Amino acid sequence: MDIQALSEKFGVNAERKQDGGFPVFEKNIRGKRVLLVADRTTEQFLPSVKGIVEHNAAESAAFVLPSPEPVADEETVRRVVEAGRTYDYLLAVGAGTLNDLCKYAGFLTHTPSGVFATAPSMDGFTSGVTPLIEKGFKITRNAQTVSDVLMDFDVLCRAPRIMIGAGVGDILAKYCCLTDWRISSFLTGETVNEEAYSLMHQAVCACDASLEQLLRGEAEGVQKLMDALLISGYSMVIAGNSRPASGAEHHMSHFLEMDFLRRGERIPLHGVKVGLGTMVSLYLYHTLARRPSFATKERVCAAAEHLPAPEYAENILAQFACPTRFSQLGVSRETVRTMFFEAYKIRDRFTVLTLYCTRGLMTEAVADELLERFY
């Protein structure tokens, strides 16, 4: 799988630093007015790319959001839009939220955007959608695909271990969401885009096979993780939505995120929450055979046979210092119980959680079982 050729197909310059620079990106911004967008955490990385931009752009400046962990809500979007209004290009210096903010602000103002990735922590680098918080609710809006993804593997390999683990959690989740997509075709007649499905599945398997290298901190492992994260975005572009990259595990993450927002608490990393949701989804699939019968149960169970065990995901994520119990996130037992019954309503999308909740499988006893295992 040639990530460069694949990126070119989607009009994205996915460029690794070479000889101290990013030649294609430098050509792309020549003569343009470029705004670098960071936050209080990622501003430390501005020197890594600021000189390159200043040498090639007609004009450049840095806009630093005042929070160390900004949220992509209405007010923060407004700030980025206002800051970037007189520029020709927005470059996010960071990962998930900053990339989302620049993609969406660029979409609203018809301004190209890119990202200098500071951590391999999430899969939205190349997607054409942006998750936002509007009126306290997690929603997904159409955005734009970035023009450039700049990767300095010296920076990426030094990312905090838990941020790398968050990226791993987001990739392991694809085992579940792809299976969610497949079972939906059995139970609801939803069409599966086989190209997007296959592309995502191959990337997950390649990343999974390199996890030992990643755990040892080797650059090749980080490269395979970044490849899978970029490909996740491309698979969403092919599918026309987030179906190949988001299922029940993401809906659980979104449910918890809104709880943190309501309480005014710091929101844990997206991939950390998704990793926990992945463990739950894997458990629900692997215990499905002993649940009450429903139409096409045999086909659903057969589709789940290839899935790794929840213990596998738990072991991997623990080695990246990620929480493996919901209690470690600082959420209440009752919130997690409610999540098992309500999170499937976050999106109009059939998943293993939808199956359990709409077929009478998610009983109080099953919720107790999940709490005992994962809280």
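**Close-up 1. Ten residues by name: the lining of the second largest pocket.** Q4, E8, G11, V12, N13, A14, E15, R16, V24 and S147 line the second largest pocket in this model. The model is predicted: local features need pLDDT of at least 70, side-chain atom pairs count only at pLDDT 80 or more, and totals for chains, interfaces and linings use all residues. Residues are numbered from 1 along each chain as its sequence is written, and side-chain values use heavy atoms, without hydrogens and water. The second largest pocket holds about 160 Å³ of space (the space filled by probe spheres set on grid points joined across faces, edges and corners). A pocket is an open set of points on a 1 Å grid over the protein atoms alone, where a 1.4 Å probe fits, with protein on both sides within 12 Å along at least five of seven lines; lining residues have an atom within 4 Å of a point.

**Close-up 2. What builds the second largest pocket.** Helix α1 (3–9) and strand β1 (13–16) each supply at least two lining residues (DSSP runs numbered from the N terminus: helices are H or I, at least four residues; strands are E, at least two). β1 gives the most, with 4 residues. The lining has 3 nonpolar, 4 polar and 3 charged residues (nonpolar: Ala, Val, Leu, Ile, Met, Phe, Trp, Tyr, Cys and Pro; charged: Asp, Glu, Lys and Arg; polar: the others, Gly among them).

**Close-up 3. Helix α11 crosses helix α15.** The axes of α11 (residues 248–263) and α15 (residues 333–342) come within 10 Å and cross at roughly 135° (lines fitted to C-alpha atoms over the stretch in contact; angles run from 0 to 180 degrees between N-to-C directions). So α11 is oblique to α15 (under 35 degrees is roughly parallel, over 145 roughly antiparallel, 65 to 115 roughly perpendicular, the rest oblique). This crossing of α11 and α15 is right-handed (the near helix is turned clockwise from the far one by less than a right angle; anticlockwise is left-handed). M252, F255, L256 and D259 of α11 touch T335, T338, M339 and E342 of α15 (contact: heavy atoms within 4.5 Å). The residues of this contact divide into 4 nonpolar, 2 polar and 2 charged.

**Close-up 4. Helix α12 packs on helix α14.** The axes of α12 (residues 270–286) and α14 (residues 310–319) lie 8 Å apart, at an angle of about 160°. The two helices are therefore roughly antiparallel. Their crossing is left-handed. From α12 come G275, M279, L282, Y283 and H286; from α14 come P310, A313, E314 and L317. By class, these contact residues are 6 nonpolar, 2 polar and 1 charged.

**Close-up 5. Helix α11 meets helix α12.** The two axes come within 7 Å and cross at roughly 130°. That makes α11 oblique to α12. The crossing of α11 and α12 is right-handed. On the α11 side are A248, E249, H250, M252, S253, H254, L256 and E257. Facing them in α12 are H270, K273, V274, G277, T278, V280 and S281. The contact of α11 with α12 has 5 nonpolar, 7 polar and 3 charged residues.
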